[in-house]
Amino acid sequence: MDNLHIVNLASYNRPKITEDKKRQWVNYGEDNDYYSYLIDLYINSTTNNAIINGVSQMIYGKGVDALNSSSKPDEYAALRSVFSNECLRKISLDLKLLGEASFQVIYKDGEVVKSEHFPRQTLRAEKCNEDGDIEAYYYFHDWSKLKPSDKPLRIASFGFGNGKESEIKIIKRYVSGYDYYAPVDYQGGLAYAELENEISDYLINDVQNGFSGTKVVNFNNGVPDREKQLQIKSDVMHKLSGARGEKVIIAFNNNAESKTTIDDVPLNDAPAHYEYLSNECTGKLMVSHRITSPLLLGIRDGNSGLGNNADEIKTASLLFNNVTIKPYQDLITDAMDDILAVNGISLKLYFKTSQPLEFIETDNAITDEAREQETGVKMSKEEFDFDDDEMFNLLQEFGEDENLEEWELVDEREVDYDQEEALDKMIGLASTGTALPNTKSKQDKKVDGVQFKVRYTYSPQQTSANSRKFCKLMTGQNKLYRKEDIINMGKKPVNAGWGKGGTSTYSIWKYKGGGNCHHKWLRQTWRGKTEGNLANQEPNISTNKARKEGFNPVNEKEVSMKPKDMPNQGFVNK
């Protein structure tokens with residue numbers, strides 16, 4: 001029967017890899033088109049599609065950063081110019097969907113100038129050399145349409161080019177027995193993705209084209225010719241059938257004994273049967289993709305919701321990140337390290353991982369709409385929506401990455417305007433002490449042979465997932481700042497849009513990251529280790545004592561406060 005289809009799940013085996021003596025490349029799958037099979041299952045299987053999208057987004061997270069970006073700003077800038085965010089998003093999707101991903105490494109004058117995403121499904125591996133290395137890959141836009149007369153383009157593998165031509169850097173997991181191609185990590189669930197696709201097609205076809213006859217009209221006085229049958233059918237249908245389609249079956253029989261009969265092939269409890277198959281597919285696909293909890297992908301399990309499963313999400317998220325997401329991220333950063341090493345660049349790369357909603361601290365988060373409501377000014381995204389690179393470059397002008405091995409921290413406290421100058425007076429920084437020859441700040445002094453410096457740190461050194469970019473960059477750089485640095489920050493748009501009326505600049509010294517910010521400044525006093533001691537120095541000095549000694553500072557109180565604790569939560573709209 002033409003309309004009878006049987007799904008044979010046992011036929012979906014591991015991909016077939018074959019070497020053709022007539023070709024220089026190695027075929028992958030039946031008809032050399034296994035990647036298209038994976039893409040089809042990604043598109044047509046609902047659960048498989050949702051999982052791959054979710055996992056690839058988690059792999060990319062919030063992009064790549066470097067732990068030592070502040071100490072190596074030039075190398076960090078080079079990282080940004082070589083790898084784009086869009087490229088890494090595509091790499092993350094290919095790596096999960098196809099089991100492999102590829103960079104196209106572009107050279108100029110012997111150095112890497114750009115590394116772009118290259119569609120993995122368009123490449124086939126060249127046969128290994130005597131050492132087992134793949135020296136090149138062959139490119140063709142659609143291998144299913146390759147003709148004998150076509151000549152795919154040969155592209156050298158990374159490290160096998162001449163230093164001028166582009167090369168291909170492949171990212172893949174190691175799988176025993178697979179030298180040329182790595183099967184996807186969800187290989188065992190492909191049969192269920194195929195079954196889910198078949199079930200979907202069957203149900204849609206059943207609804208659209210199912211057998212829907214409910215009545216039979218028999219004419220038992222002989223069988224007329226074909227033309228007459230059609231005429232009779234048309235007349236009957238015109239009179240008896242409803243507006244929604246043919247509800248009447250027309251049958252022509254030689255006699256009553258040979259009248260048309262209809263035999264049903266019923267499926268008992270069909271809804272329950274298809275529900276079982278659907279749940280089975282979903283469950284097996286979750287297992288094959290190593291999903292520790294469906295809630296991580298926004299899929300509700302039964303009647304449960306996010307609120308009453310917080311503990312499950314937290315545990316599942318930590319496990320899922322460590323056993324599934326992190327290995328993928330490591331594969332990508334290792335490949336990026338190899339590419340950057342050509343230029344002599346060494347950074348501690350990592351992906352900023354997204355966290356589920358339950359773990360995001362939202363106290364420090366504020367939307368543009370809320371900011372507009374507080375300031376009464378419509379924010380201009382074109383004017384104030386700085387990207388990470390621009391804000392990073394502005395902040396790089398300020399602060400110091402100091403070597404503190406020869407210094408010891410003798411005092412740390414929250415900045416209080418009422419005590420700032422009093423503390424300077426305590427150790428003589430406001431006196432006529434001998435200045436250091438290479439002084440960097442008015443607060444760098446040598447007093448009675450003891451070398452001091454005062455610096456400030458942005459505190460606390462942590463942010464939440466929804467913290468604003470300025471606070472993330474300030475804590476991420478982990479720098480020490482002179483007071484002059486912080487004052488001068490307020491003269492540049494390092495955190496544009498948070499000034500009075502939504503302007504570009506404001507006092508960073510007073511208002512830190514802007515309205516509702518949870519950060520403050522900590523003052524640190526450092527002493528040179530080899531320069532005397534402070535055994536007899538008072539660790540603290542009160543404002544009252546300073547006034548008794550004739551010092552009467554008049555300072556603003558905001559520096560000792562987090563903006564969120566200020567009037568109007570630190571918004572400067574008045």
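Predicted model: local features only at pLDDT ≥ 70, side-chain atom pairs only at ≥ 80, totals over all residues.

Helices (H or I, at least four residues) and strands (E, at least two) are DSSP runs, numbered from the N terminus.

Residues are numbered from 1 along each chain as its sequence is written, and side-chain values use heavy atoms, with hydrogens and water left out.

**Overview.** I count 16 helices and 17 strands in the protein. Of its 574 residues, 43% are buried, where buried means under 20% relative accessible area, exposed over 50%, and partly exposed in between (1.4 Å probe, protein chains only). I also checked contacts (heavy atoms within 4.5 Å). Among those between residues at least 6 apart in sequence, 70% join residues at least 24 apart.

**The sheet.** I traced an open sheet of six strands in the order E5-E4-E9-E8-E7-E6, with mixed pairing. Its edges are E5 (111-117) and E6 (123-125), each pairing on one side only. From one strand to the next, the twist averages 40°. Angles here run from 0 to 180 degrees between N-to-C directions, and axes are lines fitted to C-alpha atoms, for helices over the stretch in contact.

Next I went pair by pair.
- E4 (residues 100-108) runs antiparallel to E9 (residues 167-172) over six bridges. Ser102 has Ile170 in E9 as its bridge partner.
- E6 and E7 (residues 136-139) are antiparallel over three bridges. I find Leu123 bridged to Tyr139 in E7.
- E7 and E8 (residues 153-157) are antiparallel over four bridges. Tyr137 is bridged to Ile155 in E8.

**Helices H4 and H1.** What does helix H4 touch on the sheet? H4 (residues 85-98) packs against E4, E5 and E9, and its direction makes about 145° with that of E4. I then looked at H1 (residues 34-44): its axis and that of H4 come within 10 Å and cross at roughly 100°. From H1, Tyr35, Leu38, Ile39 and Tyr42 meet Leu93, Leu97 and Leu98 of H4.

**The core.** A nonpolar core is a set of buried Ala, Val, Leu, Ile, Met, Phe, Trp, Tyr and Cys residues joined through side-chain atoms within 4.5 Å. I get 89 residues in the largest one, and Phe83, Phe103, Met336, Phe470 and Trp521 have the most contacts inside it. Helix H8 (residues 310-341) gives the largest share, 10 residues. A second, separate core of five residues includes Ile199, Tyr274, Leu277 and Cys281.

**Helix H13 and the cysteines.** In H13 (residues 469-477) I list Phe470, Cys471, Leu473, Met474, Thr475 and Gln477 as buried. Just after H13, Asn478 takes a positive phi of about 55°.

Cys471 is buried, at a relative accessible area of 0%. Cys87 also counts as buried because its relative accessibility is 2%.

Conventions:
Pairing = 2+ DSSP bridges.
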